[in-house]
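Visitor: Hello! Could you walk me through this structure and tell me how the words used for it are decided?
Guide: Gladly, let us look together.

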Amino acid sequence: PIIEHKILNVGPTEPWSVREKLCLASSVMRSGDQNWVSVSRAIKPFSEPGRPPDWFSQKHCASQYSELLEATEAPKSVLQHTHTYIFSVS
């Protein structure tokens, strides 16, 4: 028998706009990264036109914030190399 697996869509398929990401980051700075109810509520007015009602759900906000953190953190090896270089020059 052939078994079919349904792929669950756990988040928005379109990328968030820069404006939406900035609003998310600002809201997390104000409310903290554990208060997704507040974060979600605060950024809903800033959504791009045509976004589905659950675009800024608590789950999607947390997921998008996690992706933002991963995208902005430099690899540890680069940081260690930079610090070693700075200290060896001075």
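Visitor: Which residues in α1 meet which residues in α3?
Guide: On the α1 side they are K21, L24 and V28, and they meet C61, Q64, Y65 and L68 in α3. Contact here means heavy atoms within 4.5 Å. Before we go on, please note that this is a predicted model, in which local features need pLDDT of at least 70 and side-chain atom pairs count only at pLDDT 80 or more, while totals for chains, interfaces and linings use all residues. Residues are numbered from 1 along each chain as its sequence is written, and side-chain values use heavy atoms, with hydrogens and water left out.

Visitor: What makes α1 and α3 roughly perpendicular?
Guide: Their axes cross at roughly 95° and come within 10 Å. Angles of 65 to 115 degrees count as roughly perpendicular, under 35 as roughly parallel, over 145 as roughly antiparallel, and the rest as oblique. The pair α1 and α3 is therefore roughly perpendicular. The axes themselves are lines fitted to C-alpha atoms, for helices over the stretch in contact, with angles from 0 to 180 degrees between N-to-C directions.

Visitor: Why does R51 count as buried?
Guide: Buried means under 20% relative accessible area, exposed means over 50%, and partly exposed is in between, with a 1.4 Å probe and protein chains only. R51 has 18% relative accessibility, so R51 counts as buried. R51 lies in the loop between α2 and α3. Leaving aside neighbours within four places in sequence, R51 is in contact with E14, P15, W16, S17 and E20.

Visitor: What makes D54 partly exposed?
Guide: D54 is also found in the loop between α2 and α3. Its relative accessibility is 42%, so D54 counts as partly exposed.

Visitor: Why does S38 count as partly exposed?
Guide: S38 sits in helix α2, and at 26% relative accessibility S38 counts as partly exposed. Apart from neighbours within four places in sequence, S38 is in contact with S27 and S31.

Visitor: Which residues make up the largest nonpolar core?
Guide: There are 12 residues in all, among them W16, L24, W36, F56 and L68. The elements giving two or more residues to this core are α1 (18–31), α2 (36–43) and α3 (58–72). A nonpolar core is a set of buried Ala, Val, Leu, Ile, Met, Phe, Trp, Tyr and Cys residues joined through side-chain atoms within 4.5 Å. As for W16, beyond residues up to four places away in sequence, W16 touches residues including L24, I43, F56 and C61.

Visitor: How many residues does the chain have, and what share counts as buried?
Guide: The chain has 90 residues, and 22% of them count as buried.

Technical notes:
Helix = DSSP H or I, 4+ residues; strand = E, 2+ residues; numbered from the N terminus.
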